[in-house]
Every structure is written in C-alpha cells, then in structure tokens.
Amino acid sequence: SAAGGSTEPAMAITSIPSSTPEALQPATLKKAETATLARVTTEQRAEMRAEDTAAPASPQRVRGTTADIIRSVRAVNEEVARLQVADQGVASLQKTVEQARALVPTEYTHVHWAAAMGLGKLAEADGRWQEAEAAWRDALELAWRFRARSRGAQALLRLGRMYRAQGKLQPSLEHLAAALKLFEAVGDMAGLASTCDDIGRSYWTAGRTQQAVLFLQRAAQLRESLGDRQSLGHTLTTLGLVSLSLGQTEQARNYLDKAVKLQRERKHLVGQYDALNAQGILHVNLGEIDAAVQCMEEAADLARRVGNRRMIAVNQNNLGEVLMLADRLEDGEALLYKAVEGAGRLGDSPLLSDAARNLAVAARRRNDRERALKWAKRSVAAAQQSDVVRTKAASNRTLAEVLSDTADVKGAHEAYDRAEHWLEQAGDVQELQTTRQAHAAFLTRVGRAETAQQVLARAAREPADA
C-alpha cells in the first residue's frame, strides 16, 4: 500500500513544484534585503540577528508604550493565536489590533509582524480571504525587510494553508516548500513539523497519497519528539482520514481515537472540531450513523464557539449529509442550503461542490429529477474550479447516478468513467471499488453486460503521483 512506502526522511522536497514565484527566490530576497539593511542602525541589526532564535518579543520591549498598547499586542498573541474569538467578536478584536499598530512606532517590526499575522487570522476566521492574504503578505514583507527568516516562514505557512483551503494546490505547495526551507535554515523544529503536516495535507488533497503519508509521518515523529501533544493530535487526524481512504479502517480508527483523546485533554477547540469531524466520517463509512450524527453535532457546537465561518460551513455540509443518512431529510437539506450560501460567500469551490452534490442526492431521494440534475451539474462545475481530485470524483459520480435516472446512458457512463479516473488519481481504494461496482450495476441494468464486466475487470492502478 502507499502507507508502506519509502522510509527515507521526507525533509528534501524534490517533488514539490520548482516554479517558486520570483519574489520568493533566494537571489531576489538577497537583493532586496541588502538594499534594506544598508539603511538599518547598528542597534536594529542586533535585534534582527536575534529574531530567528529568540522567542517572540515581549510587548514591554516597546519603549514608551502604554498599558493599552501592551494589552492590544497580547490580544494578538493570545486570543487571536488560539482562534477562539467568538466571545469577544472578530470586529472588536480587529479594531483593538489595528489601534495597536497605529500607536506602535514603525521601527518595532516584531510588534507590527505579530499584529499583521493576527489580523490575517481574524480575517480568515471571518471568511475574508483577500484581507487575510493581504495581512499575511504584509507580515511576509516585514520579515523579509529585517531578515527574520523564521517569521517569514510562518507567514508563508499561513499563505500555503489558505491556498489549500481554497483548492489551489499548486500555489499551496510552492509557499509551503519555501516555508520548509526557511524553517530548516534556522533549525526551527516546531516550524518544520507544522510545515511537514501541511505539505502532507496538500499532497493528500491533490491525490498524491505516498508523499502525503511520508510527510505526515515525519510531522508526527517531530511532534512526538517535541512533546507537542496537541499538534500531534492534529497530524493523527489527517493520518486517520488518509488511512480510511486507503481502506485501512482499523488503522484509521486507532489514529482518530488517539486524536480525539489528545485534543480533549488539551481542550483545544479547533483540534477537537477537526478530530470529531473526521471521526464522524469514519462512522459513516462503517454504517454507524447515530454515532456519526453525535460526532458532527458536537463539532457543530465547537465551530460556533470558535466563530470561524469556514468551519461552520464545512460542518453544515457534513452534518447535513449525515442527517439525510439518518432519514432526517428536511433537517439535512436546511443545513445544506446554509452550507451552499456559506461556501459561495467564502469563494470555497470544493465546499460549494460538495454541498451542491449533497443537495442533488436529496433531490434524487425526493424523485425530483430536474432539481437533482441542476444541483449535480452545479457540483461538477464548482469542482472544476479547484485542484481537489476527490471533489471532482464525488461530483461526477453523483452526476452519473442522476443521469442514470433520466435514461441518459451515454452521459451516465462517461460521468462514471470520469469519477473512476479521479479516484485512481486520488488512490482512494475503497471509494474506487464501490464506484466501479455501481457503474457495473448500471451498465448491466441497461443491457450492457459485456461493458459491465470490463469495468469490474479493470486492474487497480497505483495512484498517479506525477
């Protein structure tokens, strides 16, 4: 299986796209840094050299600050860093941080960097992607200006995560590759672990399972050696989902049980949300629908407490789908319409595709063929706007099922073929098998038994990692 691949350390990224944007190339950075450093005082140079190894600067280092400014900076490093902003409110925290930036002298870049990173997280939590990107690029520019490589890597890491969430996997991997090199250069083990985890997630989303497993296992090793149990739970959650896609159900259960336990111990809301969502997906695959509903409903409460719009929309989609499986069709549809609205507002093509696909399934259950076809086509169209192969596969399989109801044999056959193609790309053994069986059953039903046998006889190919 893919999980049993090479044991070579996954630190050298030879397979990540080499087309790193010019602005991130070392030669370009060197030139920009040289010009900037010529204008920097000796005192500031000493502070800059400490940036890569020292802990984030204390707000008290800012001369002449008031208690209000100190509290404002702490809001960045505490409330914003935890992303638990629902109680105080995104707008309130954002105003506090912006006021701090206006009062702090421009030469204190460590404060402005922390504020820019915090503003990015707040914008992300509120679903304002463009503002989040602008804030993190501001943080990146500040880091480059004063050669704070570790902080530059943290900004690149955030940008890479953002692009993955939007289904833009090429720029995601490019930014994560640049972050990894910087974390390696300064010996930041925690940063390396985080970046390996994110690279693994991006590879898995792109259907490149072998690389995903290698990077995720490396992240787990680093986090275990660092004693970072909360972050280890985060990595185990992803390993559980990868194992499930490979048909390794018991391995997936072990990973996810450990992940939920670790996140509950640490009382980390976002970590618990991720682990419970993943555990709910496992229960669905095992036919344990009541247990899945319980997991998803608990995750919904966590998403509301965190106040992150994308988390809320993802949970609405997942819980809506599970409620339909529990024969609560109206409740499920109500949540799915909210998920479509949220995904549209966020510009999240993969999520929009999946929510539209679920609404097509709901319409099909109501024997509303016209509405089912409308939502199925919308799902495929949204999937084409992203690089997420599993989303493309799922949308095409649902379209095939809807077209089979309308006696469009050719259209259904072609949609099944596309779904199988994308599942092969993803290396999703379990879903590929069930899709082929459904395809063959459809062909047999319409009198094409010979073609059905050809579908069942197709040899399972290795996931495409090119």
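H175 is buried in this predicted model. Its relative accessibility is 4%. Because buried means under 20% relative accessible area, H175 falls within that class. The residue lies in helix α8, which spans residues 169-186. Two polar partners were found for the side chain of H175. One is the side chain of R137, joined to H175 by a polar contact of 3.1 Å. The other is a backbone atom: the oxygen of P171 lies 2.9 Å from a polar atom of the H175 side chain.

H175 is one of the buried residues. The chain exposes about 20900 Å². Carbon and sulfur atoms supply 49% of that area. Contacts were also sorted by separation in sequence. Among contacts between residues at least 6 apart, 60% join residues at least 24 apart.

One pair of helices was examined further. Two packed helices are described by the angle between their axes and the distance between the axes. Helix α16 covers residues 329-346, and helix α18 covers residues 369-383. Their axes come within 14 Å and cross at roughly 35 degrees. The crossing of α16 past α18 is left-handed. On the α16 side, the contact involves E333, Y337 and V340. On the α18 side, R371, W375 and R378 take part. By class, the residues of this contact comprise three nonpolar and three charged, with no polar ones.

Terms used
Residues are numbered from 1 along each chain as its sequence is written. This is a predicted model: local features need pLDDT of at least 70, side-chain atom pairs count only at pLDDT 80 or more; totals for chains, interfaces and linings use all residues. Side-chain values use heavy atoms; hydrogens and water are left out. Contact means heavy atoms within 4.5 Å. Accessible areas come from the Shrake-Rupley method with a 1.4 Å probe; for residues, only the protein chains shown count as cover. Axes are lines fitted to C-alpha atoms, for helices over the stretch in contact, and angles run from 0 to 180 degrees between N-to-C directions. Helices (H or I, at least four residues) and strands (E, at least two) are DSSP runs, numbered from the N terminus. A crossing is left-handed if the near helix is turned anticlockwise from the far one by less than a right angle, and right-handed if clockwise. Ala, Val, Leu, Ile, Met, Phe, Trp, Tyr, Cys and Pro count as nonpolar, Asp, Glu, Lys and Arg as charged, and the others, Gly among them, as polar. Buried means under 20% relative accessible area, exposed over 50%, partly exposed in between (1.4 Å probe, protein chains only). A polar contact is a pair of N or O atoms within 3.5 Å; within protein, one must be able to donate a hydrogen and the other to accept it, and residues adjacent in sequence count only if both atoms are side-chain atoms.
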